[in-house]
Amino acid sequence: MLDKFRLLQKMRGKINARLNEMTSRLHMIKYNTLGNIIKDCVDNLEHRKLLYMLLQSETPLILDFRHECAKMVDAYLKFVRPVALERLIRVGGNTDGGYV
């Protein structure tokens, strides 16, 4: 009985090692394939860098191009847009967004 248990543990360890190896290979294939697609299809350097950063994070990314989604995103961006005031004084540089 103990021999069977040890044999099963050994087999389980080998299976887990093999699964980890295959998972690593799949991640590498995904990264290389999507990296080449980004490089070949995205002209804007800033957009390309952003896509590479998203690719490196393991967060699932879902792109939804339905009209309803675009309207929701547009409404959200209008909601978070800063208030337009007439007498603003810039504090800081051009890229820090600092107004008072």
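How many residues apart in helix 1 are Arg 18 and Glu 21? They sit three residues apart, about one helical turn. Keep in mind that this is a predicted model, where local features need pLDDT of at least 70, side-chain atom pairs count only at pLDDT 80 or more, and totals for chains, interfaces and linings use all residues. Residues are numbered from 1 along each chain as its sequence is written, and side-chain values use heavy atoms, with hydrogens and water left out.

**View 1. Arg 18 pairs up with Glu 21.** Their side chains meet in a salt bridge (a side-chain nitrogen of Lys or Arg within 4 Å of a carboxyl oxygen of Asp or Glu), with N to O at 3.3 Å. Helix 1 covers residues 2-41; helices here are DSSP runs of H or I, at least four residues, numbered from the N terminus. Arg 18 is partly exposed at 43% relative accessibility, and so is Glu 21 at 34% (partly exposed lies between buried, under 20% relative accessible area, and exposed, over 50%, using a 1.4 Å probe and protein chains only).

**View 2. Glu 21 also has a salt bridge with Arg 25.** Here the closest N and O atoms are 3.0 Å apart. These two residues are four apart in helix 1, again about one helical turn. Arg 25 counts as exposed, at 52%. Put together, Arg 18, Glu 21 and Arg 25 form a network of salt bridges.

**View 3. Over in helix 3, Lys 78 meets Asp 74.** Their closest N and O atoms are 3.4 Å apart, another salt bridge. Helix 3 spans residues 67-80, and the pair is four residues apart in it. Asp 74 is partly exposed, at 38%. The whole structure has three salt bridges.
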